Amino acid sequence: MNLLSVEHVTKTYGEKVLFEDVSFGLEEGDKMGIIGVNGTGKSTFLKVVAGLETPDSGRVATGNRVRVQMLSQSPLFDPEMKVLEHLYQGSSDEMTALRTYQEALTALELRPGDAVLQERLVAANARMDELGAWQLESDAKTALTKLGITGFDAKLGTLSGGQRKRVAMAAALIQPSDVLILDEPTNHIDNESVFWLEGMLQKRKGALLMITHDRYFLDRVSNRVMELDKGRAYFYTANYSRFLELKLEREEREAASEAKRQNLLRNELAWIRRGAKARTTKQKARIDRFEQLKDAAPERNGDKLAVSVASQRLGKKIIEIEHVRKGYGSKALIEDWSYIAVPGDRLGIVGRNGSGKSTLLKMIAGNIEPDSGTVVLGSTVKLGWFSQEHEEMDEQLRVIEYIREGAEQVRTAEGELISAGQMLERFLFSSTMQWTPIAKLSGGEKRRLQLLRVLMSAPNVLLLDEPTNDLDIATLTVLEDYLDEFPGVVIIVSHDRYFLDRTAERIAAFEGDGRVKLYVGNYTDYQEQSAAASQQAAVIAKVQQEESRPASSGASAAVQQSGQKEKTLRMSYKDQKDFEQIDDWIAATEGELAVVAEQMVEAASDSVRLQELVHKQNELESKLNELLERWTYLNELAEQIASQKK
């Protein structure tokens, strides 16, 4: 069923064409991700589709009774409104019924026994039943909790910017809609919330249109991709991984076509230079073809970010953190943590929002002091600080003025000395854009500019606080390549799993109550180690519980009376049968997963089939996790039994 159609839509900003003659349709079940370099008009495109902005030409058509809901990057709030009240806004019948019910309930609590209010509550209750709206209240509280918001009655004006963004996301998710539009939904939420959001969107009916820089998220949720590039839109029926393959194939075809055009152009040019006379129709046609070949030149794809900045030498002593403690009030963020940075260190920092990750970076940067313990930097350390906020940017400055404040010139890793303007051009800021006030840049362009300013200072220790927020995938890819070659130390706070897998070699995990635990490996390695430790702890706790359970009667009492104080462990009949077969079950499930993975590659262009396979893959992964947990328990039990016999 077609829910929404975009027909020949064009939008310009001044002289810049953001997108031109874009057409496509959204069907039920479509989950489309939009990709493009910052400043290409992705957010503007979403606003046009949502009806918040008018296109210069073309139109957006929705089906009868199709409801469109959008989460923007900068949602509006009433600071006096409470969290739940914000979620219950909207003109849908369900939301209207829910508000009426809540108002009647609140009024009756203030005036108990009022007959009129009791009748109003009964009527509101019946309307909720009629619309099946009871689940909405539960869904609202679940969404808020999963996104880290527990103060349902808190006023929005008392929340941080990140918290308000999460409240807005919860509102967008629970509002009944047929087309859901999300602009950077993974910004400002931690990894646990991202996992939950992934699962929710995978199961969601209707259509989804979203912008996100989170490549794992895009890969697991989307089944279509639209790429905006120099005003043109390219469409792929694929998730992110398959999109990369299809894009490469497209670029190879375009390169082959351009090579053929250049060859024909050379031949025609040689003919022209031999003194062609445009006297005959045949000769005139050939000259016309030469002009057409010249005009057919594609736009250059040379706009590639290039980062190559020299860094200063780093001594042996870099960062030494000893027995640091930091808290606010009665809440301990960091409790007795020590860490010594080594040359080439790549440390990723993860944890729930508010756990103290950014606080740790601020202590390293010297912006705040620990309550106890020490943070000492080596004498050769030159910090580069890439923060979440734009507060240090004077938005009245022009782009080139902002960069020149940091450095007029910079030496590249190859030893070349280049100007601030040349470096800006490498970062996709054209000579015209360089004289644009910062206030007129998009959010992503501001982040890219801020990153360039940090790198131009030639640091040897980089502190990156949520570097993936608002940066496009192209910029992230180049930043990752830069970090590969960066000889200094990098410490990264991030919720972007792909970025951490790509860059981190150690993970410091904030695990609550001030505990910070160090893991060796990237983010995926940390997840596996953490899961294995949790499973082992659960098994040991279960075994200890079984051992400590008091005997009830009969034979057990007799055993106790005979002087045997501990119950002899043994496997039940079911445990024994499972123990004998579980290795085969695990191997079979892994084999099924491998088959599904192959089928997903083959079905990349079939969105319906791909969704079925994604659902099957999730079921098999859940089954495999249960089997692995069972395997761990049985093997622990077998070891306990074997130790009794010695």
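This is a predicted model: local features need pLDDT of at least 70, side-chain atom pairs count only at pLDDT 80 or more; totals for chains, interfaces and linings use all residues.
Visitor: Which residues cover each face of strand 6?

Guide: On one side of strand 6 sit Val179, Ile181 and Asp183. On the other sit Leu180 and Leu182. All of them are buried, and both faces are covered.

Visitor: Which strands are joined to strand 6 by bridges?

Guide: Look for the bridges on either hand. Strand 5 is joined to strand 6 by 4 bridges, and the two run parallel. Strand 7, residues 207-211, is joined to strand 6 by 5 bridges, again in parallel.

Visitor: What stands opposite isoleucine 181?

Guide: Methionine 70 faces isoleucine 181 of strand 6. For the link to strand 7, take valine 179: its bridge partner there is alanine 207.

Visitor: Which unit do strand 6, helix 7 and strand 7 make?

Guide: Follow the path from strand to helix to strand. Here it gives a β-α-β unit, and the unit is right-handed.

Visitor: How many residues does helix 7 have, and what is its reach?

Guide: Compare the end-to-end reach with the expected span. Helix 7 has 13 residues. From its first C-alpha to its last it reaches 19 Å, close to the 18 Å expected at 1.5 Å a residue. Its buried residues are Asn191, Ser193, Val194, Trp196, Leu197, Glu198, Leu201 and Gln202.

Visitor: What span should helix 6 have?

Guide: Helix 6 covers residues 161-174, which is 14 residues. At 1.5 Å a residue it should span 20 Å. Its end C-alpha atoms are 20 Å apart, so the two values agree.

Visitor: How many residues of helix 6 are buried?

Guide: The count is 11 of 14, and the helix is mostly covered. Among the buried residues are Gly162, Lys165, Arg166, Leu173 and Ile174. To see what covers them, look at their packing partners. These include strand 5 (68-71), helix 3 (93-110), helix 5 (134-146), strand 6 (179-183) and helix 7 (191-203).

Visitor: Let us turn to the rings. How many aromatic pairs does the structure hold?

Guide: It holds 11 aromatic pairs. Read a pair by its distance and its angle. Phenylalanine 24 and phenylalanine 235 form a tilted pair, 5.3 Å centre to centre, with 45° between the planes. The pair links distant parts of the chain: phenylalanine 24 lies in strand 2 and phenylalanine 235 in strand 9, 211 residues apart.

Visitor: Is phenylalanine 24 buried or exposed?

Guide: Phenylalanine 24 has a relative accessible area of 9%, so it is buried. Phenylalanine 235, at 33%, counts as partly exposed.

Visitor: Where does the charged end of arginine 220 sit?

Guide: Check the charge against the ring centre. The charged end of arginine 220 sits over the ring of tyrosine 216, 5.1 Å from its centre. Elsewhere, arginine 447 lies over the face of phenylalanine 386, at 4.3 Å from the ring centre.

Visitor: How many helices and strands are there in the protein?

Guide: Now step back. The protein has 20 helices and 20 strands. It has 646 residues, and 44% of them count as buried. Among contacts between residues at least 6 apart in sequence, 68% join residues at least 24 apart.

Technical notes. Residues are numbered from 1 along each chain as its sequence is written. Side-chain values use heavy atoms; hydrogens and water are left out. The expected span of a helix is 1.5 Å times one less than its number of residues. Buried means under 20% relative accessible area, exposed over 50%, partly exposed in between (1.4 Å probe, protein chains only). Contact means heavy atoms within 4.5 Å. Two strands pair if DSSP finds at least two bridges between them. A crossover is right-handed if, with the strands pointing away from the viewer, the path from the first strand over the helix to the second runs clockwise. Rings of Phe, Tyr and Trp (its six-membered ring) pair if their centres lie within 6.5 Å; planes under 30 degrees apart count as stacked, over 60 as edge-to-face and the rest as tilted. A charge sits over a ring if NZ of Lys or CZ of Arg is within 6 Å of the ring centre and within 35 degrees of the ring normal.
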